[in-house]
Amino acid sequence: MENDMEYRQKLLQEYKQAAAPLLRYIPWFEKNAGQNPGTFYRGPESTEHSMSIPVYDSTLMSFVREAEGSALMDRNYSYVYTRNHIQNHEDERKIIAAAELRDWGILRGILSKYVLGGRTKSVLWSQAVQENIFYLVLKRMQEIIEYWDKPMDIR
């Protein structure tokens, strides 16, 4: 019994250390929920056949860079989706809402899909903000940590 408590505390400390830097973005994601965080740049000499370049909010890009370097990234996130039969945004939201401490890997997988997948398909970053996925995952991680440990000061 004592070992279980020690193991859980050790896990919580690891999770807390990995998630804490990203939790400061929660207010920004909450404020921008449902909005498109990007625009398309078209140069002054562009024609109708020119390619426009996506430009994203600097806060979103800071989050993506910080998340990419964190221990929360799971390069095998596609397995999380197949194992848990996640097909769409509604499935993601249901799983996030029901996640507990033992489901931390699922939350990591969902977060990783949008952060890492956005490197090759940048529309995923916009989708994660518009569909509220980044906010929900970070908020749920915070709730799990605070439930098992103590309230966190995120600034």
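Colleague: Where does α6 bend, and by how much?

Modeller: In this predicted model, α6 bends by about 25 degrees at Leu111.

Colleague: What makes the end-to-end distance of α6 agree with its number of residues?

Modeller: Helix α6 covers residues 104-117, which is 14 residues. At 1.5 Å a residue they should span 20 Å, and the end C-alpha atoms are 19 Å apart, so the two values agree.

Colleague: Why is α6 called mostly covered?

Modeller: Buried means under 20% relative accessible area, and 11 of the 14 residues of α6 are buried. Among them are Trp104, Ile106, Leu107, Tyr114 and Val115.

Colleague: How do you know that the span of α8 agrees with its number of residues?

Modeller: The same kind of check works here: the 16 residues of α8 (residues 133-148) should span 22 Å at 1.5 Å a residue, and the end C-alpha atoms are 23 Å apart, which agrees. The buried residues in α8 include Ile133, Phe134, Tyr135, Arg140 and Gln142.

Colleague: On to the rings, then. How many aromatic pairs does the structure hold?

Modeller: There are 9 aromatic pairs. One of them is Tyr25 with Phe63, at 5.3 Å centre to centre and 70 degrees between the planes.

Colleague: Why are Tyr25 and Phe63 called buried?

Modeller: The cut-off is under 20%; Tyr25 has a relative accessible area of 5% and Phe63 one of 0%, so both count as buried.

Colleague: What makes Phe29 and Phe63 an edge-to-face pair?

Modeller: Their rings are 4.8 Å apart centre to centre, with 80 degrees between the planes, so they pass the 6.5 Å and 60 degree limits too. Phe29 lies in helix α2 and Phe63 in helix α3, so this pair ties together parts 34 residues apart in sequence. Phe29, at 2% relative accessibility, counts as buried. Ring pairs also link Tyr25, Phe29 and Phe63 into a cluster with Trp28, Tyr114 and Phe134.

Note on methods:
Residues are numbered from 1 along each chain as its sequence is written. This is a predicted model: local features need pLDDT of at least 70, side-chain atom pairs count only at pLDDT 80 or more; totals for chains, interfaces and linings use all residues. Side-chain values use heavy atoms; hydrogens and water are left out. Helices (H or I, at least four residues) and strands (E, at least two) are DSSP runs, numbered from the N terminus. The expected span of a helix is 1.5 Å times one less than its number of residues. The bend at a residue is the angle between axes fitted to the seven residues ending there and the seven starting there. Buried means under 20% relative accessible area, exposed over 50%, partly exposed in between (1.4 Å probe, protein chains only). Rings of Phe, Tyr and Trp (its six-membered ring) pair if their centres lie within 6.5 Å; planes under 30 degrees apart count as stacked, over 60 as edge-to-face and the rest as tilted.
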